[in-house]
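Here is a short report on a protein model. Look at the sequence and the 3D view, then read on.

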Amino acid sequence: MKISDIQKLTEARIIAGDLLTEKNIKKAFSSDLMSDVLTLDEEDILLITGLANVQLLRTAEMADIHVVLLARNKKASPEMIQLAKENKIVLLETPFSIFRASGVLFSNGIKPVY
Amino acid sequence: MELVFEIEGGDFTSAGNASSKIKKVLKQLNIDSKTIKRIVIAVYEAEVNIVAHAKKGILKASIGSHFIEVKLTDKGPGIEDVEKAMEAGFSTASKQVREMGFGAGMGLPNIKKNVDELDIISEMGKGTLVKFKNYF
Ligand SMILES: Nc1ncnc2c1ncn2[C@@H]1O[C@H](COP(=O)(O)OP(=O)(O)O)[C@@H](O)[C@H]1O
Ligand SMILES: [Mg+2]
């Protein structure tokens, strides 16, 4: 799925990065636990989370995740936006809950990591 | 090549700075991205452990042509039972650490999974040395 489709389906706002980034996202993982995200063997997945802090971006950077969706209108801080830009991470904010965002994307073909 | 970083206990905004620099250096050396990921995840969880559990620490990374050795030395409470601390789910993390997205007792097991050699030496009331090596 294209990033622009993820944005449309979750009614998200783009906070950092470029919607036109040529990425085809196949899988997603939803978690607030960064230690868990750091155990994933897959790269280039979509991360859906309610955790809005700098460590979210550091975790994405280390785990080679390039698209992050902040659920339930959690707001990215200027430091988070800065880190997202530095690491070419597309950061989106959706009003949807983690459950709803995950459900909508799942029913449109995004696969779970597990 | 030697890289040295200071890590402040409690400073969650800076946790990951060392891992980030190390990642950039490894990328420039054209090391395979799966290998880089394993290394930087271990460095990052170890860095977070100093921020979460210790007062302050120093991280030294030595990068050779076919390996990286990372040593993290901290001043802090130490680990009472290293074997137990290595078990998945064992954690003494504070609520604040859990709010940061850590503190589920998954850090040390994940470090172990991602490195080729690991040594942890700890003295109660003094501090901890975490040393690991990866080959590429
Ligand atoms: N540098 C350290 N100094 C003191 N204690 C530590 C250190 N690193 C780890 N520990 C201890 O080992 C436990 C397990 O660590 P870890 O697996 O990373 O889980 P977590 O950090 O999520 O608690 C910690 O809760 C803590 O009690
Ligand atoms: Mg830890």
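A:Glu11 sits in the loop that links α1 (3-9) to β1 (13-16) in chain A. Helices here are DSSP runs of H or I with at least four residues, strands are runs of E with at least two, and both are numbered from the N terminus. The phi angle of A:Glu11 is near 50 degrees, a positive value in a residue other than glycine. A:Glu11 is also exposed, with a relative accessible area of 52%. Exposed means over 50% relative accessible area, buried means under 20%, and partly exposed lies in between (1.4 Å probe, protein chains only).

This is a predicted model, in which local features need pLDDT of at least 70, side-chain atom pairs count only at pLDDT 80 or more, and totals for chains, interfaces and linings use all residues. Residues are numbered from 1 along each chain as its sequence is written, chains are lettered from A and ligands numbered from 1 in the order in which they are written, and side-chain values use heavy atoms, with hydrogens and water left out.

A:Arg72 also has a positive phi, about 55 degrees, although it is not a glycine. Its loop runs between β4 (67-70) and α4 (78-86) of chain A. A:Arg72 is exposed, at 57% relative accessible area.

Now the whole of chain A. It has five helices and six strands. From the N terminus, their order is α-β-β-α-β-α-β-α-β-α-β. The radius of gyration of chain A is 12 Å, close to the 13 Å that the globule rule gives for 114 residues, so the chain is as compact as a globular protein of that length. This radius is taken over C-alpha atoms, and the rule is 2.2 Å times the number of residues to the power 0.38. The C-alpha trace of chain A spans about 35 × 30 × 25 Å along its principal axes. Buried residues make up 54% of the 114 residues in the chain.

Next come the charges. Over all chains, the structure holds 13 salt bridges. A salt bridge is a side-chain nitrogen of Lys or Arg within 4 Å of a carboxyl oxygen of Asp or Glu. The table lists some of them.

| Salt bridge | N to O distance |
|---|---|
| A:Lys8 and A:Asp5 | 3.7 Å |
| A:Asp41 and B:Lys113 | 3.6 Å |
| B:Lys95 and B:Glu99 | 3.1 Å |

A:Lys8 and A:Asp5 are three residues apart in helix α1 of chain A, which means about one helical turn separates them. A:Lys8 is exposed at 56%, while A:Asp5 is partly exposed at 29%.

The pair A:Asp41 and B:Lys113 forms a salt bridge. That pair crosses between chains, from the loop between α2 (34-37) and β3 (46-49) of chain A to helix α5 (residues 107-114) of chain B. B:Lys113 is partly exposed, at 41% relative accessibility.

B:Lys95 and B:Glu99 share helix α4 (residues 95-99) of chain B, four residues apart, about one turn. B:Lys95 is exposed at 56%, and B:Glu99 is partly exposed at 47%. Elsewhere, salt bridges that share partners join A:Arg13, A:Lys75 and A:Glu93 into one network.

Which residues gather in a patch of positive charge on the surface? They are A:Lys88, B:Lys21, B:Lys24 and B:Lys27. Such a patch takes residues with over 30% relative accessible area and no salt bridge, and joins like charges within 9 Å. B:Lys27 belongs to helix α1 (residues 17-28) of chain B and is exposed at 55%.

Conventions
Patch = residues over 30% accessible without salt bridge, like charges linked within 9 Å, V, L, I, M, F, W, Y side chains within 5 Å. Areas by Shrake-Rupley, 256 points an atom, 1.4 Å probe, with all protein chains shown as cover. Lys, Arg positive; Asp, Glu negative; His and termini not counted. Charge placed at Lys NZ, Arg CZ, Asp CG, Glu CD.
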